[in-house]
Every structure is written in C-alpha cells, then in structure tokens.
Amino acid sequence: MNSITVYSDYVCPFCLLAESRLSEVIGERDIHIEWRAFELRPDPVPTLRPEDPYLPAIWEQSVYPMAEQLGVPIKLPSISPQPRTAKAFELLEMAKDADRAHAYSMRVLRAFFQEDRDIGDKDVLIDLAADAGLDPDAARKALENGTYTERHREALRHAQDDMEITSVPTIVIGRRIFRGTPSVKDLTIAIHDLELDAAP
C-alpha cells in the first residue's frame with residue numbers, strides 16, 4: 001500500500017484542513033495516511049492564548065476562509081492557554097501499534113477544533129482513544145506509566161533532526177515535500193507520481 005506522511009501538531013487547525021483536502025484527492029485509491037508528531041511549542045515553550053490578538057487574526061485571515069472553501073466546520077478553541085500535545089502524541093504511538101493512528105488523529109483534531117475539548121487533559125484523551133477503537137484502560141495505563149514517552153521523544157527527534165521539520169502540516173508524498181496545505185492540483189500530481197513510482 002502507498003502511504004503519505006503528515007507531520008502535524010494537534011493544535012494546528014491547518015492539519016485538520018489539510019487532511020480534508022488530502023482525503024478528497026485520495027478518493028478511493030489505496031493510500032494510507034501516516035501521522036507523525038511535531039510539537040510546535042514543546043515544554044517549556046509557552047503555548048498560545050486565544051484571547052491574545054495573534055490567534056484570532058490568523059483564524060480570520062486564513063483558517064476560516066480555507067475551512068469555508070473546504071466545507072469543514074471549525075472554530076477557534078477557547079482553552080487557554082492552548083494545551084500541550086505530548087500526551088496526545090504518546091497515545092498516537094499506541095494507536096499506531098493497533099493500526100488506529102488515522103482514526104485516533106482525526107478524533108483528536110475534531111475534538112479540539114469542532115467540540116472545544118481540552119486535548120491536554122488525560123481523561124479527555126482516554127475518551128478520545130476509546131472513540132478511535134483503543135482500549136481505554138490500556139490507554140490510561142500507558143499515560144500513567146509513560147509507556148510511549150521514549151517513542152514520542154524519538155518521533156520528535158526524527159522530525160527535527162532527520163526531516164528538518166519546522167512547520168506543520170508538512171506532507172511527504174514520495175519524493176515531494178509540501179510545507180502547508182497544497183493545492184488540489186499539486187496533490188493530484190504528487191499522488192500520481194507516487195503511484196507511478198510504486199508500480200511494478
């Protein structure tokens with residue numbers, strides 16, 4: 001199966017919007033979306049506050065217009081300061097083991113941007129993991145025991161050092177790397193080339 005890699009942070013609205021465009025272009029093709037972590041503001045870097053001028057301005061100028069174009073319901077979350085995403089990404093590693101990473105990532109993004117839920121809260125994350133088909137008791141134990149902490153750290157190291165990711169979404173399709181949300185035309189060309197390269 002061909003795959004497309006999306007480096008994301010669950011507090012980035014463009015990651016939710018990019019997936020919508022990706023899914024539109026992929027259509028019925030047998031292509032897997034692989035989610036990888038990149039924290040925009042890892043601890044101890046302060047996270048953003050929705051009541052400060054920056055976030056509302058970005059949303060009015062860029063997020064809402066793109067969301068309207070794509071037909072994706074979205075709203076600026078009210079949680080302040082914005083949650084850290086390390087724990088959410090630890091459960092992403094668990095979801096990968098269960099082949100539920102896409103379902104889990106989409107559940108977390110929608111919970112934050114469509115339901116205004118605090119994805120930095122462990123109980124919320126456990127509920128979302130269960131919604132995505134993971135065992136909630138196992139998810140709770142994984143967070144409490146730090147089962148996936150090292151794997152998440154290695155994922156961050158890979159994103160920063162190996163891939164030199166600096167922004168999200170960063171989308172890797174074969175030999176092409178897109179920083180931001182690509183156009184339908186660019187995605188279509190990249191996916192076509194990906195399938196050609198994979199053909200026997």
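A search of the whole structure finds 0 disulfides, a disulfide being a pair of cysteine sulfur atoms within 2.5 Å. The sulfur of Cys-12 has its closest cysteine sulfur in Cys-15, 3.7 Å away, which is too far for a bond. Cys-12 counts as buried because its relative accessibility is 5%, and Cys-15 counts as buried at 1%. Buried means under 20% relative accessible area, exposed over 50%, and partly exposed in between, with a 1.4 Å probe and protein chains only.

This is a predicted model, in which local features need pLDDT of at least 70 and side-chain atom pairs count only at pLDDT 80 or more, while totals for chains, interfaces and linings use all residues. Residues are numbered from 1 along each chain as its sequence is written, and side-chain values use heavy atoms, with hydrogens and water left out.

The sheet is open and has 4 strands in the order β2-β1-β3-β4, with mixed pairing. β2 and β4 (176-179) stand at the edges with a single partner strand each, so one side of each has no neighbour in the sheet. On average, neighbouring strands of this sheet are turned by 20° against each other, direction ignored. Helices (H or I, at least four residues) and strands (E, at least two) are DSSP runs, numbered from the N terminus; two strands pair if DSSP finds at least two bridges between them. Axes are lines fitted to C-alpha atoms, for helices over the stretch in contact, and angles run from 0 to 180 degrees between N-to-C directions.

Strand β3 covers residues 170-173 and pairs with β4 in the antiparallel sense over 4 bridges. Thr-170 stands opposite Arg-179 in β4. The hairpin of β3 and β4 has 2 residues between the strands, and Gly-174 takes a positive phi near 60° there. β3 also pairs with β1, again in the antiparallel sense, over 3 bridges; Ile-171 of β3 is the bridge partner of Val-6. From β3, Thr-170 and Val-172 point one way and Ile-171 and Ile-173 the other, and all are buried.

Ile-173 is also among the residues with the most contacts inside the largest nonpolar core, which has 66 residues. Such a core is a set of buried Ala, Val, Leu, Ile, Met, Phe, Trp, Tyr and Cys residues joined through side-chain atoms within 4.5 Å. Ile-4 is another of those residues with the most contacts. Leaving aside neighbours within four places in sequence, Ile-4 is in contact (heavy atoms within 4.5 Å) with residues including Ile-31, Ile-33, Ile-171, Val-172, Ile-173, Ile-191 and Leu-194.

Helix α8 (residues 184-198) lies across β1, β2, β3 and β4 and runs at about 135° to β1. Helix α7 (residues 149-162) packs its buried residues against β1 (2-8), β2 (31-37) and α3 (86-97). Those buried residues are Thr-149, His-152, Ala-155, Leu-156, His-158 and Ala-159. An α-helix has 3.6 residues a turn, so residues three or four places apart point the same way. With 14 residues, α7 reaches 19 Å from its first C-alpha to its last, close to the 20 Å expected at 1.5 Å a residue; the expected span is 1.5 Å times one less than the number of residues. Just after α7, Glu-164 takes a positive phi of about 55°.
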